[in-house]
Amino acid sequence: MAACLITREMMKGSYSEGEALAIYNEVKKSGEWLSFLKTFLHDEDYQVARNALWGLTKATDAELSALQPMLHELIDKALNEENSSVRRLTMNIIVRLKMEEEDLRTDFLDFCLDHMQNPDEYPGIQSLSLKLAYKMCAFYPELMDELKRTLMAMEMEYYSPALRSVRNRILANKEKKHP
C-alpha cells in the first residue's frame, strides 16, 4: 500500500464535496484509515478535523471497520466536541461502526437521549443521537422499552422530518441495530 500523502496544510480551510471525496480516495489508496484518523481527529483547527471526518464519511462500512479500535476515542470526541459539524461527522462514523454490549457507555447513552430530544439541537445530531441510542438500547429489552416509551411521548411537531422518520422506523422495528 502507498503512504497517505495528505498533510495538515492540505486539510485546512473550507472544503467542497469533491475535496472530501479526494481525501477519501487518497486514504483508500493508502489503506491507512486508522493512522489518518489518529493524525487529524484531535487537531486544534476544527476545520482540519472536520475535513478529515468528512472524507471518512465517504468510506464504505467495510472500510470504516478499520477504525473499530478507535470507537471509544470517537465517543469521547463526540461527547466533548464543541463544534457541531465535527460532532455530527464523528457521530456519523460511530453509528456505522460495530457496537457490542461491552461497548455500551452510560455517559454516551445519556448524551444521545438528551440530544435526540433537544428541539434546539441540529436535526442531523438529533437523528444520529436517536440511531445511536437505539443501537445501545438494543442489548437490553428494558432499555429498549424505555426508549420506545420516550419516543411515543415526544411531541413530534417540534422535530425535523429526519428525526420523525428515524423515530417511525424504530417504532416499526425497521431500524438497523448493527451494521
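**Fold and confidence**

I began with the secondary structure and got 11 helices and zero strands for the protein chain. Helices here are DSSP runs of H or I with at least four residues, strands are E runs of at least two, and numbering starts from the N terminus. Read from that end, the elements go α-α-α-α-α-α-α-α-α-α-α.

Ground rules, noted before going on: this is a predicted model, with local features needing pLDDT of at least 70, side-chain atom pairs counted only at pLDDT 80 or more, and totals for chains, interfaces and linings using all residues. Residues are numbered from 1 along each chain as its sequence is written, and side-chain values use heavy atoms, leaving out hydrogens and water.

Next I checked pLDDT, the predictor's confidence in each residue on a scale from 0 to 100. The protein chain averages 91, and 95% of the residues score at least 70. Helix α1 (residues 8-11) has the lowest confidence, at a mean of 83, while helix α6 (residues 71-80) has the highest, at 98.

**Overall dimensions**

I compared the radius of gyration with the globule rule (C-alpha atoms; 2.2 Å times the number of residues to the power 0.38). For 179 residues a compact globule would come out near 16 Å, and the protein chain's 17 Å agrees with that. The C-alpha trace spans about 50 × 30 × 25 Å along its principal axes.

Contacts (heavy atoms within 4.5 Å) came next. Of those with a separation of 6 or more, 71% join residues 24 or more positions apart.

**The core**

A nonpolar core here is a set of buried Ala, Val, Leu, Ile, Met, Phe, Trp, Tyr and Cys residues joined through side-chain atoms within 4.5 Å. The largest one has 57 residues, and those with the most contacts inside it are M11, F36, L56, I94, F108, L132 and L147. Helix α9 (residues 123-137) gives this core its largest share, eight residues.

**Aromatic pairs**

My rule: rings of Phe, Tyr and Trp (its six-membered ring) pair if their centres lie within 6.5 Å, with planes under 30 degrees apart stacked, over 60 edge-to-face and the rest tilted. I got three aromatic pairs. One of them is F108 with F111: the ring centres are 6.0 Å apart and the planes are at 15°, so this pair is stacked. Both residues sit in helix α8 (residues 106-117), three residues apart, about one turn of the helix. F108 is buried at 0% relative accessible area, and F111 is buried too, at 9%.

**Cysteines**

How many disulfides does a search of the whole structure find? I found zero, taking a disulfide as a pair of cysteine sulfur atoms within 2.5 Å. C112 is buried at 0% relative accessible area, and C137 is buried at 2%.

**A look at V95**

Last, I picked V95, in helix α7 (residues 84-96). V95 is buried, at 17% relative accessible area. Beyond its neighbours within four places in sequence, V95 touches L128, K131, L132 and K135. V95 and K135 are 40 residues apart in sequence, yet 8.1 Å apart in space, C-alpha to C-alpha.

Conventions: Buried < 20%, exposed > 50% of the residue type's maximum accessible area, 1.4 Å probe, protein only.
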